[in-house]
Amino acid sequence: MARNRFFKLIVWEFEEFLSFPVLEFLVASTLFLVLFFPITHYQFSSIWENLYRSNSVLVIFMIFIACAIFSRSFAGTFDKGEIKMLLSFPIKRWKLFLAKVITQFFVLFAIYLAIFSLNIPLLGLNLFEPMLYAPILGLLLHLLVVCSVTTAVSLLVKKETIVILISAISLFGLETIGGKENFFTGIGRSNVIFDFFRQSILNSSESIAVNDFVLAIAFPIVISIVLFLISLIYFSFLM
């Protein structure tokens, strides 16, 4: 019964916040951004370099998209009073919170992963090529940070439009100020991860230290876990 109820929450979340035209817009815009850049590397040894150039654009795009989706799911329910209706049913708050996070996060990442996978046949890539997964890992970590930040701000502010402005502008400003080699930014982390994979697998001339690579992975994971835990505790016991 409990599992069935949780599954219904996920289905409701998907139907309520990812229905037409939201899902269609996400698919179309992601398809355009992933496949927009022309192929510039044709040699078999460097064909995977074509995957790297769209990441900086996707990082910025993901900020605005994830902020809009998560603020609509969390802050939007407060703004419109829907949260009172939901909590009037025998639903545990932590299950509602997890249903929202899991549905929105995995739909966003699944869309990117599915469309990104089109590069495998288009570029003649090997599914087991390690360099194929460097940009995927970079964007996954970036998406975690954006979602956790937007969730925390949504629970504090509870106004959808204001949450989008605060979250998107703050994260976009961090990307602009932080630069392309700082693990505090999504673009910087993606660059560090991609260059580390390249130097480790292909013995290239890149000089990315192991500590930098570990920080590029650990920092977004720790920040996201902390923010999600704080948000979960606040939503379940303090709100």
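**Helix packing, a cavity and a pocket**

Let me start with the lining of the largest cavity, to which helix 2 (22–35), helix 3 and helix 6 (93–116) each supply at least two residues. Before I go further, please keep in mind that this is a predicted model, and that what I describe is computed from it.

The structure holds one cavity of 30 Å³ or more, and the volume of the largest cavity comes to about 50 Å³. Its lining is made up of L26, T30, F61, M62, I65, L108, I111 and Y112, and if you sort those residues by class you find seven nonpolar, one polar and no charged.

Helix 2 and helix 6 have axes that come within 9 Å and cross at roughly 40°, which makes helix 2 oblique to helix 6. Their crossing is right-handed, and the contact brings together L23, L26, V27, T30, L31 and V34 from helix 2 with V107, L108, I111, Y112, I115 and F116 from helix 6. By class, that contact of helix 2 with helix 6 has 11 nonpolar residues, one polar residue and no charged ones.

Next comes the pair formed by helix 3 and helix 6, whose axes lie 11 Å apart and pack at an angle of about 150°. Why is helix 3 described as roughly antiparallel to helix 6? Because angles over 145 degrees count as roughly antiparallel, the angle of about 150° places the pair in that class. Helix 3 passes helix 6 in a right-handed crossing; on the helix 3 side the residues are N55, L58, I65, A66, I69, F70 and S73, and they meet K100, V101, Q104, F105, L108 and Y112 in helix 6. Here the residues divide into nine nonpolar, three polar and one charged.

Helix 3 (residues 55–73) also packs against helix 8 (residues 134–157), at an angle of about 30° and with the axes 9 Å apart, so that helix 3 is roughly parallel to helix 8. This crossing, too, is right-handed. From helix 3 the contact takes in N55, L58, V59, M62, I63, A66, C67, F70 and S71, which meet P135, L139, H142, L143, V146, C147, T150, T151 and S154 of helix 8, and by class it has 12 nonpolar, six polar and no charged residues.

Which residues line the largest pocket? They are K180, E181, F183, N191, V192, D195, S207, I208 and D212, and the largest share, three residues, comes from helix 10 (residues 186–202). By class this lining has three nonpolar, two polar and four charged residues, whereas the lining of the largest cavity has no charged residues.

I will end with two points of backbone geometry. Most residues other than glycine have a negative phi, and most peptide bonds are trans. In this model, a cis peptide bond with omega of about 5° joins F20 and P21, and P21 is found in the loop between helix 1 (2–17) and helix 2. The other point is K158, a residue other than glycine with a positive phi, near 65°, which is found in the loop between helix 8 and helix 9 (160–178).

Conventions. Residues are numbered from 1 along each chain as its sequence is written. This is a predicted model: local features need pLDDT of at least 70, side-chain atom pairs count only at pLDDT 80 or more; totals for chains, interfaces and linings use all residues. Side-chain values use heavy atoms; hydrogens and water are left out. On a 1 Å grid over the protein atoms alone, a cavity is a set of points where a 1.4 Å probe fits but cannot get out, and a pocket is an open set with protein on both sides within 12 Å along at least five of seven lines; lining residues have an atom within 4 Å of a point. Helices (H or I, at least four residues) and strands (E, at least two) are DSSP runs, numbered from the N terminus. Ala, Val, Leu, Ile, Met, Phe, Trp, Tyr, Cys and Pro count as nonpolar, Asp, Glu, Lys and Arg as charged, and the others, Gly among them, as polar. Axes are lines fitted to C-alpha atoms, for helices over the stretch in contact, and angles run from 0 to 180 degrees between N-to-C directions. Angles under 35 degrees count as roughly parallel, over 145 as roughly antiparallel, 65 to 115 as roughly perpendicular and the rest as oblique. A crossing is left-handed if the near helix is turned anticlockwise from the far one by less than a right angle, and right-handed if clockwise. Contact means heavy atoms within 4.5 Å. Grid points are joined across faces, edges and corners, and a volume is the space filled by probe spheres set on the points.
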